[in-house]
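These are my notebook entries on a single chain. I set down what I looked up, entry by entry.

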Amino acid sequence: LERQFENLFHKAAVKAGITGENLIKLCEARLDNVVYRLGIAPTRRAARQLVIHKHINVDGEVVNVPSYSLRPGQLIGVREKSKSLEAIVSSLNATNKRHDWLDWDASSMSGKLINLPAREMIPENIKEQLIVELYSK
């Protein structure tokens, strides 16, 4: 995970804009995070497990890499064989929060990354500048 984060940090640093905000946006675009944000899994760790165990597809293809970086417009869905899994169904039933940068279709159990969120749209209180300072040394 450390190496993955360093790669993500490097991508954020070379992109135009504020490095900390770029880093947060890249983290939000990870497949495991989007699975969590859509409510398919109750935690990010559970989302990572769902991805690794091939319960999630992207644009109709199974993707089992939690760090897979999504692009706006891509469709994220629960595989047909996995739609009845109790863990997924209970998580979706318990979810009442939705995010403006994601679109969810309950009937097909699929969602779309509409765009990368602006920093103020992300609910976590993260001090990304401290992360940037740590990794810039």
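I take helices (H or I, at least four residues) and strands (E, at least two) as DSSP runs, numbered from the N terminus. With that convention I placed Ser-82 in the loop between strand 3 (75-78) and helix 5 (86-94).

Entry on sources. I am working with a predicted model, in which local features need pLDDT of at least 70 and side-chain atom pairs count only at pLDDT 80 or more, while totals for chains, interfaces and linings use all residues. Residues are numbered from 1 along each chain as its sequence is written, and side-chain values use heavy atoms, with hydrogens and water left out.

Entry on confidence. I read pLDDT as the predictor's confidence in each residue, from 0 to 100. The chain averages 87, and 94% of the residues score at least 70. I found the lowest confidence in helix 1 (residues 2-14), with a mean of 71, and the highest in strand 1 (residues 56-58), at 98. Where pLDDT is low, the predicted coordinates should not be read in detail.

Entry on the fold. I counted six helices and five strands in the chain. Their order along the sequence is α-α-α-α-β-β-β-α-β-β-α. The radius of gyration is 15 Å, close to the 14 Å that the globule rule gives for 137 residues, so the chain is as compact as a globular protein of that length. That radius is taken over C-alpha atoms, and the rule is 2.2 Å times the number of residues to the power 0.38. Along the principal axes, the C-alpha atoms fill a box of roughly 45 × 25 × 25 Å.

Entry on burial and contacts. I call a residue buried under 20% relative accessible area, exposed over 50% and partly exposed in between (1.4 Å probe, protein chains only). By this scale, 39% of the 137 residues are buried. Contact means heavy atoms within 4.5 Å. Among contacts between residues at least 6 apart in sequence, 52% join residues at least 24 apart.

Entry on helix 2. I noted that helix 2 (residues 19-28) is mostly covered, with seven of its ten residues buried. Among them are Leu-23, Ile-24 and Leu-26, together with Asn-22 and Glu-28.

Entry on Ser-82. Beyond its neighbours within four places in sequence, Ser-82 is in contact with His-55 and Ile-88.

Entry on Gly-111. I located Gly-111 in strand 5 (residues 110-113). Its relative accessibility is 2%, so Gly-111 counts as buried. Leaving aside neighbours within four places in sequence, I list its contacts as Leu-38, Gln-74, Leu-75, Ile-76, Asp-103 and Trp-104. Between Gly-111 and Val-78 I read a C-alpha to C-alpha distance of 9.2 Å, across 33 residues in sequence.

Entry on positive phi. Most residues other than glycine have a negative phi. Asp-59 has a positive phi, near 50°. I found Asp-59 in the loop between strand 1 and strand 2 (61-62), and at 43% relative accessibility Asp-59 counts as partly exposed. Phi of Met-109 is likewise positive and near 50°. Met-109 sits in the loop between strand 4 (102-105) and strand 5; Met-109 is buried, with a relative accessible area of 13%.
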